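Trainee: Before we look at this structure together, could you go slowly and tell me what each term rests on?

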Amino acid sequence: MTEASPLDAAESAVRAFGAPQLPEEWGATPLTVVMPTYNEAGNLPGMARALMALPLPGLRLLVVDDSSPDGTGALAEEHARRVEETYGTRRMSVLHRTEKDGLGRAYAAGMARAVADGAHYVLQMDADGSHPADKVAELLGVALATDAGVVVGSRYVQGGTLSDAWGAHRKLLSRWANAYAGTILGTRVRDITGGFNLWRADAVRAVDLATVDSAGYSFQVEMKYRALRHGFGLVEVPIHFEDRTVGESKMNLMVQLESVAMPWKLRLRDTRRGARDALVGRAARAARGDRGPLG
């Protein structure tokens, strides 16, 4: 008898114990889960089943596949057909991309499609089983109750935990990355690098996905920082972050270098923008003959 994977366990838990029950109106809220994939054939079916089992009739799943060599895209299409046969409506769809140009680009494409198709909320979720499906309803409930623009499934607020499979070095590196980005950007977000994030549609529109620079994992940092700069409220909800058991991580040296450089790039951009706005303001006051408080 083979040991159940975390994905099978997640699906069983959702079916056996259920997710937090939301008011019927809240559960019907149009919510699209955007799930980028590249060689995730071993993980995707379990994740899709777990999401469809949630008591959220308004939930849809959009898989964004970057032409996976292992056939994840075709598998997703087949699963989408089965979901439609089961529920009598199209609750799962696939966006096929011909170029693998980074997790951030895949998320941007999927989130833009979700909002254009009428989603009120968009959830970023990895396909590898690291993000808990049984927390989706709670994230949506918090968003609706607080009117937050972003709700973060956080590893680093009280109650958040990490997989025991993570070694001490990996845990230290993750905490350092959050402290590094948060300090440079001056935010109080505990898990600014985390990828399990629920977005209100107007917050997605405000950050202007077409102008987001990050191609890799730094997309998570840039998006949250932009949302905060636009004045959207952000709430963190504790989660347990599991380690993937099938497939390989997509983290590489270029992605790591981008993650190190991006906070400085964002801060420099805002410094320049602030200086430019100050010059424009002084010019406008001079044109009006307003010498200001210093004379």
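Mentor: Let us start with burial: a residue is called buried under 20% relative accessible area, exposed over 50% and partly exposed in between, with a 1.4 Å probe and protein chains only. This is a predicted model, in which local features need pLDDT of at least 70 and side-chain atom pairs count only at pLDDT 80 or more, while totals for chains, interfaces and linings use all residues. Residues are numbered from 1 along each chain as its sequence is written, and side-chain values use heavy atoms, with hydrogens and water left out.

Trainee: What makes D164 exposed?

Mentor: The relative accessible area of D164 is 74%, and because exposed means over 50%, D164 is exposed. D164 sits in the loop between β6 (161-162) and α7 (168-185).

Trainee: Why is strand β5 called largely enclosed?

Mentor: Strands are DSSP runs of E with at least two residues, and helices are runs of H or I with at least four, both numbered from the N terminus. In β5 (residues 150-154), five of the five residues are buried, so the strand is largely enclosed by the rest of the structure. In a regular strand the side chains alternate between the two faces of the sheet. For β5, V150, V152 and S154 on one side and V151 and G153 on the other are all buried, which leaves both faces covered.

Trainee: How do you know that β5 pairs with β7 and with β8?

Mentor: Two strands pair if DSSP finds at least two bridges between them. β5 and β7 (residues 197-200) have three bridges in the antiparallel sense, with W199 in β7 as the bridge partner of V150. β5 and β8 (residues 234-238) have five bridges in the parallel sense, with V237 in β8 as the bridge partner of G153.

Trainee: What makes α5 oblique to α9?

Mentor: The two helices pack at an angle of about 50°, with their axes 8 Å apart. Axes are lines fitted to C-alpha atoms, for helices over the stretch in contact, and angles run from 0 to 180 degrees between N-to-C directions. Angles under 35 degrees count as roughly parallel, over 145 as roughly antiparallel, 65 to 115 as roughly perpendicular and the rest as oblique, so α5 is oblique to α9.

Trainee: Which residues of α5 and α9 meet?

Mentor: With contact meaning heavy atoms within 4.5 Å, L103, G104, Y107, A108 and M111 in α5 meet F219, Q220 and M223 in α9.
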